[in-house]
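Take a moment to look over the sequence and the 3D structure. Then read on for a short tour, stop by stop.

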Amino acid sequence: MPADAGSCAPRPDPRPDPRRAIPRTDALLADPRFAAAAQRVGSTAVKAAIREAQDEARRGTIAPHEVGDRAAAALDARLGQATTLRAVVNATGVVLHTNLGRAALSPAARAAMALAGGPCDVEFDLADGRRARRGRGTLTALAGELPPGTGTLVVNNGAAAIALVAAALAVTPGRPEIVVSRGELVEIGDGFRIPELLEATGARLREVGTTNRTHVADYEGAIGPRTGFVLKVHPSNFRVSGFTSTVAITDLAAVCARAAVPLVADLGSGLLTPDPLLPAEPDATSALRAGAQLVTCSCDKLLGGPQGGLVLGEPDLVERVRRHPLARAVRVDKTTLAALEATLRGGATPTHRSLHTDADSLRARADRLAAALARLGVDGEVVTSDGAVGGGCAPGVALPGCAVALPQGWAAPLRSEAVVGRLEAGRLLLDVRCVPDAEVDILAQRVAEVARTMTGTG
Ligand SMILES: *Cc1c(COP(=O)(O)O)cnc(C)c1O
C-alpha cells in the first residue's frame with residue numbers, strides 16, 4: 001500500500017479557499033527539481049525559498065499553482081550568484097571576443113561540462129573496473145576529424161601546446177635550437193610573445209630570413225646538429241603585404257625530411273579542416289597532409305570549443321610530447337575534455353553559426369530586434385555593420401552583417417545590464433551576428449529596461 005494513500009485525493013470543497021491550494025512543503029520537497037537543488041545549495045536554502053514562495057501565494061501576489069516554479073526560479077538565481085561572472089549578450093559583432101571568453105560553447109558542450117563536473121569515468125573503465133586512457137572519447141572524436149593515423153594530445157591551451165613541444169623535442173633531447181622565420185615572431189596578446197614563450201622553456205631561437213621575406217635557403221643554412229625542430233608559426237593576428245615571401249609547409253617539409261628534423265606548424269586558430277569562408281586560415285588536416293609532422297593549435301578559437309590546446313601529428317612524436325614531465329603540468333580538466341568531445345561530435349558550433357549566418361538572415365534578425373524595441377518604445381535604426389572573426393584570427397576579414405544603432409550614451413547603462421555592443425562613428429551598434437535568434441527578445445527587453453531608467457519614467 002502506498003505510504004501516502006488516502007492523503008492525495010482531497011474532497012472537493014464547496015467554497016474553496018485559494019490558500020488551501022498552496023502546495024505543502026513536503027509535497028514540494030518531493031519534486032526532483034528541489035531534490036537536485038538541495039544537493040547544490042543545501043536543504044535549508046531550498047526550504048527558505050519554498051517558504052518565501054508560499055508566503056507570496058498567501059499574500060496573493062502569485063497564484064498557488066505558481067509556488068513551485070517561483071521557488072525553483074529563486075534557487076536558480078541563487079545558483080547563478082555563486083559566481084561573480086555575469087553572462088553577457090555579445091552584441092559586438094566579434095565572434096571570438098577575447099575579453100568575453102572567446103568561443104561560446106554549444107548547448108551540448110555546456111551540458112557535457114555539467115555532467116563531467118560530478119564523478120565520471122574520465123580515466124576509468126566501467127567494464128573491467130580498471131584505470132583507462134584519460135579522455136579517450138575526446139581523443140577518438142578528434143582523430144575522427146583528422147587524416148587516418150594522426151596522433152592526438154589535448155593540453156591546457158595553445159601556448160602550452162607549443163611550450164610542451166619545445167621542451168619535449170628541443171630542450172630535453174639536447175638539441176635546443178628552434179629554427180623559425182623572423183616574419184613569424186608573433187605577439188599573441190596582452191604582451192605575450194611566442195618567441196619569449198619558447199625561450200622560457202630553455203630553447204634557443206635560430207631566427208632566419210627577414211621580417212618580410214624568408215626563403216628555403218635561409219632554413220637550409222640554419223639547420224644543423226643542434227636543431228630540435230623547424231617551427232612554422234601562422235601569423236594569425238596580423239598581415240604583411242607588399243614585397244613578401246614565405247616558405248610553404250610543403251617546401252619546408254622537403255627541407256626538414258632531407259635534414260631529418262621534425263617540422264612543427266603552430267596554426268593558432270584550430271580549424272581542423274578548411275573553411276571556405278576563411279581561405280587564408282590554415283587548417284590541421286591540410287598542414288599535416290602538406291608534411292608538417294606536428295601541428296599545434298587552440299581549441300577555443302575557430303574550433304569553437306573550450307579553452308584548450310592540441311598537439312596533433314605523427315603518433316611517435318605526439319607520444320614523446322605526452323610522456324614529457326611537463327605534460328602533467330598542462331593537462332586538461334575532465335570538464336574540458338567533456339566539452340571538447342561534445343563540441344566535436346555536436347555539429348555546427350555557435351562559433352560556426354555566427355561566422356556563417358548569411359547577410360539576409362542577419363538583416364531579418366536586426367529587423368526583428370528593431371521591431372521588438374519599437375514595441376517597447378525604443379527607436380533604433382537598422383544599419384549595415386561589419387563584424388569580425390576576432391581572437392586574433394583572420395585579421396582584416398570583414399563579415400558583412402547588420403546592427404541596430406542607438407545613441408552612444410547608451411553604451412554604459414547597457415553594459416550594466418550585461419549587454420556589450422560596439423562603438424562606431426559616434427553611435428552604439430548592437431550587432432546581431434552573435435546574438436542567437438532565441439536571445440533577440442531578451443536583448444530587446446534589456447534595452448527597454450535601460451530606456452526606462454534613462455528617461456526616468458520607470
Ligand atoms: C592564439 C594563438 C596561440 C596561443 O593559443 P592560446 O590558446 O591562446 O594559448 C599560439 N599561436 C598562434 C599562432 C595563435 O594564433
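## A helix with a cap

Just after α2, G42 takes a positive phi of about 95 degrees. Helix α2 covers residues 32–41, and D31 caps its N-terminal end. A side-chain oxygen of D31 lies 2.8 Å from the backbone nitrogen of R33. This is a polar contact (a pair of N or O atoms within 3.5 Å; within protein, one must be able to donate a hydrogen and the other to accept it, and residues adjacent in sequence count only if both atoms are side-chain atoms).

Helices (H or I, at least four residues) and strands (E, at least two) are DSSP runs, numbered from the N terminus.

## Ground rules

This is a predicted model: local features need pLDDT of at least 70, side-chain atom pairs count only at pLDDT 80 or more, and totals for chains, interfaces and linings use all residues. Residues are numbered from 1 along each chain as its sequence is written, and side-chain values use heavy atoms, with hydrogens and water left out.

## The whole chain

The protein chain has 17 helices and 18 strands. Its C-alpha trace spans about 100 × 65 × 35 Å along the principal axes. Of the 458 residues, 44% are buried. Buried means under 20% relative accessible area, exposed over 50%, and partly exposed in between (1.4 Å probe, protein chains only).

The chain exposes about 23,300 Å². Carbon and sulfur atoms supply 53% of that area. Accessible areas come from the Shrake-Rupley method with a 1.4 Å probe; for residues, only the protein chains shown count as cover. Now consider contacts (heavy atoms within 4.5 Å). Among those between residues at least 6 apart in sequence, 72% join residues at least 24 apart.

## Around the ligand

Which residues are closest to the ligand? They are A159, S236, D266, S298 and K301, out of 13 residues that surround the ligand. A residue is near a molecule if one of its heavy atoms lies within 4 Å of it. By class, this shell has four nonpolar, six polar and three charged residues. Ala, Val, Leu, Ile, Met, Phe, Trp, Tyr, Cys and Pro count as nonpolar, Asp, Glu, Lys and Arg as charged, and the others, Gly among them, as polar.

A polar side-chain atom of D266 lies 2.6 Å from a nitrogen atom of the ligand. For K301, a polar side-chain atom is 2.7 Å from a ligand oxygen atom. G158 uses a backbone N or O atom, 2.8 Å from an oxygen atom of the ligand. Taken alone, the ligand exposes 380 Å², and the protein buries 94% of that. Two elements give two or more residues to the shell: α7 (158–171) and β11 (263–268). Helix α7 gives the most, with three residues.

## Two nonpolar cores

A nonpolar core is a set of buried Ala, Val, Leu, Ile, Met, Phe, Trp, Tyr and Cys residues joined through side-chain atoms within 4.5 Å. The largest core has 37 residues. Those with the most contacts inside it are V154, V230, L272, V295, L310 and L312. Elements that give two or more residues to this core include α6 (136–143), β11, β12 (294–298) and α13 (334–345). Helix α10 gives the most, with five residues.

A second, separate core of 29 residues includes A161, V186, I194 and A327.

## Buried or exposed?

T335 is found in helix α13. T335 counts as buried because its relative accessibility is 17%. Not counting residues up to four places away in sequence, T335 touches M113, A116 and G117.

T246 lies in the loop between β10 (227–233) and α10. T246 counts as exposed because its relative accessibility is 61%. T246 touches T214 and K232, again not counting residues up to four places away in sequence. The C-alpha atoms of T246 and N212 are separated by 8.0 Å, yet these residues are 34 apart along the chain.

## Two alanines with positive phi

Most residues other than glycine have a negative phi. A394 has a positive phi of about 45 degrees, although it is not a glycine. A394 lies in the loop between β14 (381–390) and β15 (399–407). With a relative accessible area of 8%, A394 is buried.A418 also has a positive phi, near 65 degrees. A418 is found in the loop between α16 (411–416) and β16 (419–420). A418 is buried, with a relative accessible area of 5%.
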